[in-house]
Amino acid sequence: MWINMLEVGHNRSRKSSIFNMIEWIGASEWFDAEIEEAEKAPPPTKRGVPRKRLATIILIKYMKEAYGITEIEATGTLAFKNSEDCPSFMDSAKVEKKFFDARRLRLNVVIQRGRILRRLVQATHLGILFDENIWKYIKSGQEHVNRLAETFQADPRKMKLLSILDEQVELLAKEGRPNLSSLFDSLETNSLISSEEVSNLRTEYGLEEEPVSQLCLEAAINRVVEEIGHVLGKSIVGDQDCIMINGTGELSCGMFNRLRSRAWLKNWDIAAALEMADKSPSVRHYLSIPFHKEDINGKIMPISNPLRGWRKKIDDWRAEVENDIERQQVYICPLNVSANHFTLLEINEETKMIYHYDSMASPGIRQRKKKSSLVGRAIEAEFRHLGFKYAEAPTPQQEDSWSCGLMVIRNAKRRMNGLAVGGWHDRVNPDRVIRDIVGDCQVFLANGALQPSPLSKKRKRIVEDLQDDIEQPSRSSKRLRDITKDS
């Protein structure tokens, strides 16, 4: 059985290498047990002396049984019981003995590798099979393997990781695939990687749609609010309280109640989240730009030339680095369309593209039947001089009416780090985005980057000057709160 199994395993693709290694471990254990049993009553040599080296004798015995070989003839060929028993790697019922010897040598190598793997697994965990250097390990000598095992045993974090991977190896063997969701949960629970890294892994492997523990999420929000209260010197933090992000941006504490209640985010909530997000040095992000405003009668009216102010700012940024051809910039900006929906705009100098990410795109946009849109026309009016192509980029679609702000934050954070957003049919659980935002707050609190200092008069003037001639909200201006108080 083991001989045939090893033959099949040899012909598998590299994808199945872990299956092969598991088989090698089992085969080596079986083979060593056969040797141990044979040593109790070793067969005699021609001189009647008990044989000492039994491995080759036992291997040849089982190879003959597996291949249906009756004898190895003096001419150097193999005789089979019948031609149907001839293995696929042999062309006829009479073949050169060298093929048999080559197979025997290869099986010897496999069994030896199985012994090395057994030693590693016994000294560490079965999860060692997932190590990226496992092939180097199994080709090394026993002494090196012993030192390697000692190295793993001396590192508790590595041993914990390998124990977590045990379950994944077992799932792979029994069900044909690991459970990445449970793996990521275990990594986070045991504090082996950060929540942000777990979130990135879930995104990369398409696991963003999975639910989040509501108790854990609520507890995390409460901890952040409590810590902000300590920074502000308040036992109770209200919606009107604010805290500064690195002395430049303002975070409204009302955001946490909006996150709790799954309410529509405000413009300054998005700005604060992007201010705390990791980003490449080549990324410039701007404040949310409204495409519509509400008049005194409550009617939603379009704003003329909504992107004019951002175009001027981008021109200024480009002028700063115009002599540095290697500093290609990426410009990110949230948009507020129809006064009730956030989308994201990206201008990418490297790809010479302008991307619009809409988590509630119309069927015409998703099916590429609609060629023109409100945002597309505004882009054409303000950025034609760049000569970039415009695209309604595939974007995961929200399944509710309130999480567009969270989707903008999620998409912006990914694009600011050069990561793909996903496709039209990918799903994102907004609670995972909430958890990421709360996680960023925890990091900034731990680093002392959230402080109670109010905006200086100079900073207020700078923020207000960014508005230029458009009705653009600012995370610190009174105009923003007036415009969005009923949104």
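**A walk through one predicted chain**

The chain exposes about 26,100 Å², and carbon and sulfur atoms supply 50% of that area. Keep in mind that this is a predicted model.

Now the overall build. The chain has 19 helices and 14 strands. It runs to 487 residues, and 48% of them are buried. Next, contacts. Take those with a separation of 6 or more: residues 24 or more positions apart account for 61% of them.

Let's zoom in on helix 16. It covers residues 404-415, so look there on the screen, please. How many of its residues are buried? The count is 12 of 12, so helix 16 is mostly covered, given that buried means under 20% relative accessible area. Among the buried residues are Cys404, Leu406, Met407, Val408 and Ile409. Arg410, Lys413, Arg414 and Arg415 are on the buried list too. What about its length? Helix 16 has 12 residues and reaches 16 Å from its first C-alpha to its last. That is close to the 16 Å expected at 1.5 Å a residue.

Two serines next. Start with Ser191. Its phi is near 55°, a positive value in a residue other than glycine. Where is Ser191 found? Look in the loop between helix 8 (180-189) and helix 9 (195-204). Is Ser191 buried or exposed? Ser191 is exposed, at a relative accessible area of 51%.

Now Ser338. This residue is not a glycine, yet it has a positive phi of about 60°. Ser338 sits in the loop between strand 10 (330-337) and strand 11 (341-348). Its relative accessibility is 33%, so Ser338 counts as partly exposed.

Technical notes
Residues numbered from 1 in each chain as written. Predicted model: local features only at pLDDT ≥ 70, side-chain atom pairs only at ≥ 80, totals over all residues. Heavy atoms only, no water. Helix = DSSP H or I, 4+ residues; strand = E, 2+ residues; numbered from the N terminus. Expected span 1.5 Å × (residues − 1). Buried < 20%, exposed > 50% of the residue type's maximum accessible area, 1.4 Å probe, protein only. Contact = heavy atoms within 4.5 Å. Areas by Shrake-Rupley, 256 points an atom, 1.4 Å probe, with all protein chains shown as cover.
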